[in-house]
Amino acid sequence: MMKTAEYEIVRDFAAQREQVYSAWTEPERFARWFGPRIFTTPADRVVLDVRPGGAWQATLLGEEGFEVTLRGVYREVVGPDRLVFTTGDPDNPGDVPASVATLTLHEHADGTTMRFHQFGVNTDAEHAEQAKAGWQEFFDRLAEHLTVQAMLSKATSSKVSSLP
C-alpha cells in the first residue's frame, strides 16, 4: 500500500505578486533562494521551462563535491496567480518519494500571501514533516531575497528620479 502525506504552508511577503511569481519562474532569481542554506544553487544549473508539461530542475551543491538534483514537471501555469508542479514522478513513483505541489499567490494591500500545498506519495508523516521544515527554510530565504529585491528597486528608482 502506498503511503501518502500532505501539508500546507501559508506565508505573507512584503512584495508584489509579480515579484514573488518571478522568484519562482526566473532561473537567476530562483537560484538565490531555492535550497537549504548549507547548499548553493548555481543559476546555470537551474532549468525552469514554465509551461504545462515543461520540466523544472535545480542542482544544489554542497561541500566536498556533493550535489543533488531536484526535478519535476509543471502541470498548471496561470501566472502570476498559480503554479502546480511535481517533484519526482508522482504518477509512476516506483519506491521513491514524489509529490504534487500547488502554489497560489494572492496580492493584498501589504504584499502577497503565498499558499503552498504539497501532496506526497511514498512518504510518511515523518518525511512530510522534514519536507515541510525544508520548504519553510526555503521560504525564509525567499523572503530575504524579496526584501533585497525591493531595496534594489527603491535604490534604482531613487537614482533615476534624481537625474536631471
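A residue is partly exposed when its relative accessible area falls between the buried limit, under 20%, and the exposed limit, over 50%. In this predicted model, Asp81 has a relative accessibility of 30% and therefore counts as partly exposed.

The side chain of Asp81 forms a salt bridge with that of Arg17, at 2.6 Å from N to O. This pair joins distant parts of the chain. Asp81 sits in the loop between β4 (67-78) and β5 (82-87). Arg17 belongs to helix α1, residues 17-25.

A second salt bridge involves the side chains of Arg45 and Glu67, with an N to O distance of 2.8 Å. Here too, distant parts of the chain are linked. Arg45 lies in the loop between α2 (27-33) and β2 (46-48). Glu67 lies in strand β4. The separation is 22 residues. Arg45 has a relative accessible area of 31%, so this residue is classed as partly exposed. Glu67 has a value of 42% and is therefore partly exposed as well.

Glu76 and Arg82 form another salt bridge. Their closest N and O atoms are 2.6 Å apart. Glu76 has a relative accessible area of 30%, which means that this residue is partly exposed. For Arg82 the relative accessibility is 30%, so Arg82 is also partly exposed. The count of salt bridges in the model comes to 9. Among them are the Asp81 pair with Arg17, the Arg45 pair with Glu67 and the Glu76 pair with Arg82.

The structure holds 1 cavity of 30 Å³ or more. The largest cavity contains about 60 Å³ of space. Trp24, Phe30, Phe34, Leu48, Trp56, Tyr74, Phe85 and Trp135 line this cavity. The lining comprises 8 nonpolar residues.

Several lining residues fall within elements already described.

Notes. Residues are numbered from 1 along each chain as its sequence is written. This is a predicted model: local features need pLDDT of at least 70, side-chain atom pairs count only at pLDDT 80 or more; totals for chains, interfaces and linings use all residues. Side-chain values use heavy atoms; hydrogens and water are left out. A salt bridge is a side-chain nitrogen of Lys or Arg within 4 Å of a carboxyl oxygen of Asp or Glu. Helices (H or I, at least four residues) and strands (E, at least two) are DSSP runs, numbered from the N terminus. Buried means under 20% relative accessible area, exposed over 50%, partly exposed in between (1.4 Å probe, protein chains only). On a 1 Å grid over the protein atoms alone, a cavity is a set of points where a 1.4 Å probe fits but cannot get out, and a pocket is an open set with protein on both sides within 12 Å along at least five of seven lines; lining residues have an atom within 4 Å of a point. Grid points are joined across faces, edges and corners, and a volume is the space filled by probe spheres set on the points. Ala, Val, Leu, Ile, Met, Phe, Trp, Tyr, Cys and Pro count as nonpolar, Asp, Glu, Lys and Arg as charged, and the others, Gly among them, as polar.
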